[in-house]
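Dear colleague,

I am handing over the structure we spoke about, and below it I have set out what was found in it. Please read the notes with the model open beside them.

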Amino acid sequence: MSRLRVVNLGLPKSGTTTLGKALKKSGLKVADWRIRRLQSTDPDVARHYLGDLMYTDYFAHGDPLHRLDDFDAFTEISVVRYGQNHWPQMDWGLLSAIIRHHPGTKFLYSHRDAAQLVESMQRWTNLGSKRLPEFGIPGLPAGYGSKAEELICWVEGHRAFCHQVFAGNPNFLEYDILDSEAPKHIGDFLGMKIRWWGTANPNRDYLLEPDVPKTDSKIAHTDILDAEGQAS
C-alpha cells in the first residue's frame, strides 16, 4: 500500500488551518503554510514557506515534495508576503509533477461561498486590502483585487481551474467548510477517521496591524497556541 499524501488546493481563509489541525489530530504529520521551528531540524526546511520550498524543488529536482518527506499533508501551500508570492495550487505543471512523483496523492479543495471567502480575506490583516491587489497573482494581475467583485471573480476562477484539471479524478475531493458532513466526507475520501473538527485560526482584526514590517503575527500567534509548533 502506498503512503498517504494529502495536498489541499484551497485559498487562504478557506479553512486551511482547521483542516491542518483536523488531520494532525487524526494522526498525520501536517505542514501548514510554513514549516514551524520545531517541525524540522533541517535548516534548509525549518521556518521556510511551503510555497517557496515546493517551487525551489520543482525547478531543481522536478519533485515539489523533494525535501518534504517528513510530512504527510500540506494544508495551505500558498504564500504572499515580504517578497514571497507563490501559488502552487494554481500551477498545473507543479501539481502534475506531484502526481507523477507521488502517485495516489489525494487532493482536497477546501472552499466556501465566494463572497463570504472574499469578505474574510478583506478583514484578514492587509491580505485583501494590499497584498492581493499589489503582488500580481495567477488570475489576479497587479492592480486588480481592490474591489470585492474582482476578488470574487478570482476565487470562482480558481474553483473552475480545479474542476477542469481534476475532472473525473478519483483522488480529488471538493468540500464546503460549512458543511456539517465535511469531516465524514474527508475521512471517507482519505480512508481514515477525522477525530476533530471545529474552527482554527479565526479572523480577528487585532492579529496584525497593516504594514507592520517585521512581525510575523501568524507564526507568533499559532506558536503560542501550540508548543509543538503547529497552528491550532
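A residue is called buried here when its relative accessible area is under 20%, exposed when that area is over 50%, and partly exposed in between. Please also keep in mind that this is a predicted model.

Salt bridges

Side chains of opposite charge can pair when their charged atoms come close. In this model the count comes to 7 salt bridges, and I describe some of them here. Asp-72 forms a salt bridge with Arg-3, with the closest N and O atoms 3.1 Å apart. Because Asp-72 lies in the loop between helix 2 and strand 3 (73-74), while Arg-3 belongs to the segment before strand 1 (6-8), the pair ties together parts that are 69 residues apart in sequence. With a relative accessibility of 16%, Asp-72 falls under the 20% limit and therefore counts as buried, whereas Arg-3, at 36%, is partly exposed.

A salt bridge also joins the side chains of Arg-159 and Glu-174, at 2.7 Å from N to O. Arg-159 is in helix 6 (residues 148-165) and Glu-174 in strand 7 (residues 172-176), so this pair connects parts that are 15 residues apart in sequence. Arg-159 is partly exposed, with a relative accessible area of 35%, and Glu-174 is partly exposed as well, with a value of 23%.

Lys-184 and Asp-188 are separated by about one helical turn, because they stand 4 residues apart in helix 7 (residues 182-190). Lys-184 is partly exposed at 47%, while Asp-188, at 53% relative accessibility, counts as exposed. Salt bridges that share partners, moreover, join Arg-3, Asp-69 and Asp-72 into one network.

When neighbours within four places in sequence are left aside, Lys-106 is in contact with Leu-4, Arg-5, Val-6, Val-7, Asn-171, Phe-189 and Leu-190.

Aromatic pairs and charges over rings

A pair of aromatic rings is described by the distance of the centres and the angle of the planes. A search of the whole structure finds 10 aromatic pairs. Among them, Trp-92 and Phe-166 form an edge-to-face pair, 5.8 Å from centre to centre and with 90 degrees between the planes. This pair links distant parts of the chain, since Trp-92 is in helix 3 (residues 92-101) and Phe-166 in the loop between helix 6 and strand 7, 74 residues apart. Trp-92 counts as partly exposed at 36% relative accessibility, whereas Phe-166, at 2%, counts as buried.

Phe-166 also pairs with Phe-107 in a tilted arrangement, at 4.9 Å centre to centre and 45 degrees between the planes. Phe-107 lies in strand 6 and Phe-166 in the loop between helix 6 and strand 7, so the pair ties together parts that are 59 residues apart in sequence. Both Phe-107 and Phe-166 are buried, and ring pairs link Trp-92, Phe-107, Phe-166 and Phe-172 into a cluster.

Charged groups are also found over rings: the charged end of Lys-13 sits over the ring of Trp-124, 3.7 Å from its centre, and Arg-34 lies over the face of Tyr-49, at 4.8 Å from the ring centre.

Backbone angles to check

Most residues other than glycine have a negative phi. Arg-47, by contrast, has a positive phi near 70 degrees; Arg-47 is found in the loop between strand 2 (30-31) and helix 2 (50-61) and is partly exposed, with a relative accessible area of 36%. Tyr-82, which is not a glycine either, has a positive phi of about 50 degrees. Tyr-82 is found in the loop between strand 4 (79-81) and strand 5 (84-86), and at 46% relative accessibility it counts as partly exposed.

Terms used:
Residues are numbered from 1 along each chain as its sequence is written. This is a predicted model: local features need pLDDT of at least 70, side-chain atom pairs count only at pLDDT 80 or more; totals for chains, interfaces and linings use all residues. Side-chain values use heavy atoms; hydrogens and water are left out. Helices (H or I, at least four residues) and strands (E, at least two) are DSSP runs, numbered from the N terminus. Buried means under 20% relative accessible area, exposed over 50%, partly exposed in between (1.4 Å probe, protein chains only). Contact means heavy atoms within 4.5 Å. A salt bridge is a side-chain nitrogen of Lys or Arg within 4 Å of a carboxyl oxygen of Asp or Glu. Rings of Phe, Tyr and Trp (its six-membered ring) pair if their centres lie within 6.5 Å; planes under 30 degrees apart count as stacked, over 60 as edge-to-face and the rest as tilted. A charge sits over a ring if NZ of Lys or CZ of Arg is within 6 Å of the ring centre and within 35 degrees of the ring normal.
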